[in-house]
Amino acid sequence: SVVARYTMLTGSAQGLGGGGCPSQWLLQAKRPSLAWVKLDEREAQTCSPTGRIYEIQSHKQAHYSHYRWVFSGNSSGAELIRVYEISLEFAQEQPASNLIQR
C-alpha cells in the first residue's frame, strides 16, 4: 500500500514529567536492502492536541515496506517529546482497468 498522508496527535506534558510537542521531524521510508528516503520534513510545528493531517507530496508516494519518524526538536526545549498517536492513511489505488483512456 501507498501512504498518502499521516495524522499526528501531540500535546505538551506540563506537570507530567516534562516533554513538549515535536517541532521538527522527518518522515522516512525504505524498501528492503535500500537506503531510507525522505518523504516529508517539518519545521517550526506547534502542538496539535486534536490531531493535524500532513500530506505527502504525490511524487514521493510509492510502495515502501518500512516507515520511521526522526524527531529533532520540541516546543519546550526539553529532551523529551510527547506524541500520543500517529496514524497513516493509505492512498486509494485505482484498478488498472480504470486507468485506460478510451
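I86, L88 and F90 form a nonpolar patch on the surface of this predicted model. Together the three residues have about 230 Å² of accessible area. A nonpolar core of eleven residues, the largest in the model, includes A29 and V3.

**Surface patch**
- I86 lies in strand β6, which spans residues 83-90.
- The relative accessible area of I86 is 30%, so this residue counts as partly exposed.
- Two members of the patch, L88 and F90, are also among the contacts of V3 beyond its neighbours within four places in sequence.

**Nonpolar core**
- The members of the largest nonpolar core are V3, Y6, M8, W25, L27, A29, L39, Y54, I56, A62 and Y64.
- Strands β1 (3-10) and β2 each supply at least two residues of this core.
- Setting aside neighbours within four places in sequence, V3 is in contact with I56, Q61, Y67, L88, E89 and F90.
- Of these contacts, I56 is itself listed in the core.

**Surroundings of A29**
- A29 sits in strand β2, residues 22-30.
- A29 counts as buried because its relative accessibility is 0%.
- Apart from neighbours within four places in sequence, A29 is in contact with A35, W36, V37, L39, Y64, H66 and Y67.
- Among these partners, L39 and Y64 also belong to the largest nonpolar core.
- Y67 is a contact of A29 and also of V3.
- K60 is 31 residues from A29 along the chain, and the C-alpha atoms of the two are separated by 10.0 Å.

Terms used. Residues numbered from 1 in each chain as written. Predicted model: local features only at pLDDT ≥ 70, side-chain atom pairs only at ≥ 80, totals over all residues. Heavy atoms only, no water. Helix = DSSP H or I, 4+ residues; strand = E, 2+ residues; numbered from the N terminus. Buried < 20%, exposed > 50% of the residue type's maximum accessible area, 1.4 Å probe, protein only. Contact = heavy atoms within 4.5 Å. Core = buried A, V, L, I, M, F, W, Y, C linked by side-chain atoms within 4.5 Å. Patch = residues over 30% accessible without salt bridge, like charges linked within 9 Å, V, L, I, M, F, W, Y side chains within 5 Å. Areas by Shrake-Rupley, 256 points an atom, 1.4 Å probe, with all protein chains shown as cover. Salt bridge = Lys/Arg side-chain N within 4 Å of Asp/Glu carboxyl O.
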